[in-house]
Amino acid sequence: TAMNAPGQPGIPPAWTSSAKDAVTTALGASRVWLTIGHGILDEVYWPRVDSPQIRDLGFIVADDQGFWSEVKRLDDYELATPQPGVPAYTATHRHHRYTLTLEFTPDPDRDVVLIRARLAGDGDLRLYPLLAPHLGNTGRDNTAWVDSHDGWLTLFAQHGDACLALCAADSHRQSALARGSAGFVGASDGWQDFNANGRMSWGYGRAESGNVALMGEVVAREVVLALGFGDTPDMAVTLAVSSLQSPFEGPWRKQVAAWTEWQATCKLPEQLPPDILREARISATVLKVHEDRTAPGAMVASLSIPWGQSRDDTGGYHLVWARDLVESAGGLLAFGATSDVRRILDYLIATQHQNGHWTQNQWLDGRPFWSGVQLDETGFPILLAQRMRETGELHGIEVGEMVRRAATYLATNGPVTAQDRWEEDAGLSPFTLAVVVAALVCAAEILDEPARGYALELADTWNSRIEDWTYVSDTALAREHGVDGYYVRIAPPEVADGSSALTGFVPIKNRPMGQAGEEADNIVSLEFLELVRLGLRRADDPRMRDSVRIADALLAVDTPSGRVWHRYNDDGYGEQADGSPFTGVGIGRAWPLLAGERGHYALDAGQDVRPYLQTLARTSSLGGMIPEQVWDTADLPAEHLLEGRPSGSAMPLVWAHAEFVKLCASVELGHAIDRPDPVWNRYRGERPSVPWTTWRFNQRARALSAGNVLRVELTAPARVHWSVDGWQTVQDLDTRDSGLGIHLADLPTREVAAGQEIVFTFYWTAEERWQGENMTVPVEPSGVASRPEPVAAAGAPDAG
């Protein structure tokens, strides 16, 4: 009937689990991206990879006499593809009364998802598709209805200009839906009908403005369902019915042929063991699937919403992070997809802010989602541009202006990052510092003078200070583990001024109140491995070996899938102890991605890398999707959490798939594939020394080592007014333009003796005003000032 469904607006909406079996899209004109979880269709993204439009499309099998079975809850199914990395999927579900085979493919020519369903078993069983629209990237304010379109009974839904239509055809390509019903989730939806009545007894025609669901009854044992999307209901149903006019085999074969041909272009090391090569092929496909077609070169971090079953999150991981995008580009480069990477570089150039940085994350059109700033996300695009230069694949893309702006932002805002790569803390992170230093060295390859020379000097300056800022010795943790010292996860911002990492306090996010912080020297991570990966330090450096020993002891966990690592000790980003979803607090779980990073270090250390590759492959889902995190403690079968297997975090994590492919390529190369040549040629893994000490407003030197130059760096032109005898005599020195937004003056202080003080202020020449504040830097015996212990600065009269 046309009767409206009761229960508006339904229960609060949520997405489905992020535990994906598989993802796929077409290589043709189609603009749909499919995800598969629990052997059914999960979120479908349309018309872009940042726009999910349904929660899921599942099935009930019932006999109209009280027996009914929801297919996604069977948990007894197999998943198959024509060959590894060819994303056309067959899921076979088994129950003692039936077998249901589902084949999934996009229509390569249309915005339509096709599912062929074959029901075998008891003759009185029927199939009931259940569809949960989440149009417009939300489960709120959707409208669903049942209607006939030129003889095709159709399940419709709409939210604004996002519309869908579900039709079904039998083997004669006639409409195979006998009836349908629209309802509100939790009140009048199809699942509630079966739960209350044991059969489909409701036939509501419409559910207006709420969290809605649709159900239909299929009259055939073999049926093809077409889920079409359009900006009007008529467009959605026209596309769906168009797809049903030809046999299912046509789109299926076209999908298989296109991806088989694409896989043949992937340059993967063929000598890999079969299980590793299989995962490498799947990983290559996962990377390719996540690129958008409306905004070519844009790739989201994951076609999933972490712990989606517990929230109506508009963002999830279907957003662009510049870091993840460049890491993904590195994976594409590793198997030769250079034209894809050129599109990524074009996209990065287009979405760079005028001042040089990229937003923490963004929608495909560049609009920010979160507005934080992470310095590594400004450095990574420079590294990508250099990689493309080294491989001769720029093909005329003009990267100079992008590099200049990004390097300027790094120069004027570093070395302290407002957020580390985990988006949690401000400070000095070994990972971020490695990326920023490497980016400045690579930028120098592209910049003109004087920016080129200054970029190299600044890279040397910050590289020479990494241990001062982030390495601690003779701590309780070091003594407990029998090492001299180790790199901390992150040092607080004030360490840039010369304070010790030992004394700083680091906030710990995602932990219950009262557990929200720790001394910096008590928190360790694998961030320091990036120093080796990018060529700033050697794998056999004693500091590295000691840090690896500490990190392995505190962060590694052995699971049935292999050894995996936590982000850092006391991490709170993960499920609760009882397996319930992350709610803003939780317990951090182990990340397969970090097994890949640990594997890259093992490669540089001359060790066997196969165990790390095998671990990554074994943590993957039925269809080879590598998760963000795995469950790392005793099994909780009721929560579908098994040790060493995917947790409820993002899956697939595209960055992890890129890491897998890069590790395969790095093994063949003999070192990390993303180690920039200019960085290795400049440092060869050795810490540089510089004959100056830098003073900035955001990095105030506490002391100057005798014999060094005091380099004053400002963000505007100025005259430095300075003295070494308490203003009895003064000198003036005008700053020079570095070409990267910094105006610097090297004070000739080499002859100033230990025990003296340098006092200075500024006259801002453009504004014609004095700073009105005196800065003081004491001179200490050579070598003393470079130590990270805090040094008190003496006062001086105002020179303004």
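**Starting point.** I'm working from a predicted model, so no experimental coordinates here.

**Largest pocket.** I looked up the volume and got about 1500 Å³ for the largest pocket. I then listed its lining, which comes to 50 residues, with T16, S17, H38, K72 and H640 closest to the centre. Next I checked which elements contribute: β4 (54-62), β10 (126-133) and α1 (190-197) each give at least two residues to this lining. The largest share is from β4, with 4 residues. I sorted the lining of the largest pocket by class and counted 24 nonpolar, 14 polar and 12 charged residues.

**Second largest pocket.** I noted about 550 Å³ of space for this one. Its lining has 28 residues, and I wrote down Y317, W321, W370, E423 and Y573 as the ones nearest the centre. By class, I have 13 nonpolar, 5 polar and 10 charged residues around the second largest pocket.

**Cavities.** How many cavities of 30 Å³ or more does the whole structure hold? My search turned up 3.

I took the largest cavity and read off about 150 Å³. It is lined by 14 residues, and V326, F380, L383, R387 and D674 sit closest to its centre. Helices α5 (322-334), α7 (375-390) and α12 (529-533) each put at least two residues into that lining. I logged the classes for the largest cavity as 7 nonpolar, 1 polar and 6 charged.

The second largest cavity came out at about 40 Å³. The largest share, 3 residues, belongs to α12. Which classes line the second largest cavity? I get 3 nonpolar, 1 polar and 5 charged residues.

**Helix α2.** Last, I went through α2 (residues 233-243) for burial. I marked P233, A236, V237, L239, A240, V241 and S243 as buried. What covers the buried residues of α2? I found strands among the cover, including β9 (112-121), β11 (142-149), β12 (152-159), β13 (162-169) and β17 (222-230).

Key. Residues numbered from 1 in each chain as written. Predicted model: local features only at pLDDT ≥ 70, side-chain atom pairs only at ≥ 80, totals over all residues. Heavy atoms only, no water. 1 Å grid on protein atoms, 1.4 Å probe; cavity = no way out; pocket = protein on both sides within 12 Å on 5 of 7 lines; lining within 4 Å. Points joined across faces, edges and corners; volume = space filled by probe spheres on them. Nonpolar A, V, L, I, M, F, W, Y, C, P; charged D, E, K, R; others polar. Buried < 20%, exposed > 50% of the residue type's maximum accessible area, 1.4 Å probe, protein only. Contact = heavy atoms within 4.5 Å.
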